[in-house]
Amino acid sequence: MARSLSEDSECLSLVTREAPAPSSYTEELDRSEVDPHAVLKETDYVNVDVSVLSQFHEDAISQAGFGRFQWLMFFVTGLGLAADSIEILAIAYILPSAEQDLCMDSSQKGWLGGISFVGMMIGGLVWGSLADKIGRRRTLLSSLTTNAVFSIITAFMPTYGLFMVTRLCSGIG
């Protein structure tokens, strides 16, 4: 599988130490600027299977850095993921006592296990389209608040129907 001359010059342009003339990552590099006899070190290796566009994104991410805001977002989304995990795993602990307290049959137990997933499917559609319209930050805060409020309300529901509605709303959040 032979590479063309343009692919070779693109690969060499990515590993050269000199800054090329200001150009886009998608523009062709002038072949006269590339020294075909340059000795490349092991640290100069660039994966040729990676597209130029992905290399551009890697450079943009490394230039942007990783600061306090990214750590805050990491923490907030981690809490959201933990809340989702608890929503799913809590059913295994709730089910035996809920079966006794709410007098549930086997089909109702099945719905109790699946209602959170139904809510998550609905929530994915709703929050995803809202994120495009009103922004990711507001959407993330709204969805996490919805999940937290309905999770707390769920703990105090005395009947099966109300319990299921609040579990659905919590799953949507």
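Reader: Is Trp-71 buried or exposed?

Author: In this predicted model, the relative accessibility of Trp-71 is 52%. A residue counts as exposed when its relative accessible area is over 50%. Trp-71 is therefore classed as exposed.

Reader: Is Phe-74 buried or exposed?

Author: The relative accessible area of Phe-74 is 54%. The cut-off for this class is over 50%, so Phe-74 counts as exposed.

Reader: Are the rings of Trp-71 and Phe-74 stacked or edge-to-face?

Author: The count of aromatic pairs comes to one. In this pair, the ring centres of Trp-71 and Phe-74 lie 5.8 Å apart, and the ring planes meet at 85°. Planes over 60 degrees apart fall into one class, so the arrangement of Trp-71 and Phe-74 is edge-to-face.

Reader: What separates Trp-71 and Phe-74 along helix H3?

Author: Helix H3 covers residues 68–101 and contains both Trp-71 and Phe-74. The two are three residues apart, which means a separation of about one helical turn.

Reader: Which helices are included in what covers the buried residues of H4?

Author: The buried residues of H4 include Leu-112, Ile-115 and Trp-127. Among the elements covering the buried residues of H4 are H3, helix H5 (136–154) and helix H6 (160–172).

Reader: Which residue follows H4?

Author: The residue after H4 has a positive phi, near 110°. This residue is Gly-135.

How values were computed:
Residues are numbered from 1 along each chain as its sequence is written. This is a predicted model: local features need pLDDT of at least 70, side-chain atom pairs count only at pLDDT 80 or more; totals for chains, interfaces and linings use all residues. Side-chain values use heavy atoms; hydrogens and water are left out. Rings of Phe, Tyr and Trp (its six-membered ring) pair if their centres lie within 6.5 Å; planes under 30 degrees apart count as stacked, over 60 as edge-to-face and the rest as tilted. Helices (H or I, at least four residues) and strands (E, at least two) are DSSP runs, numbered from the N terminus. Buried means under 20% relative accessible area, exposed over 50%, partly exposed in between (1.4 Å probe, protein chains only). Contact means heavy atoms within 4.5 Å.
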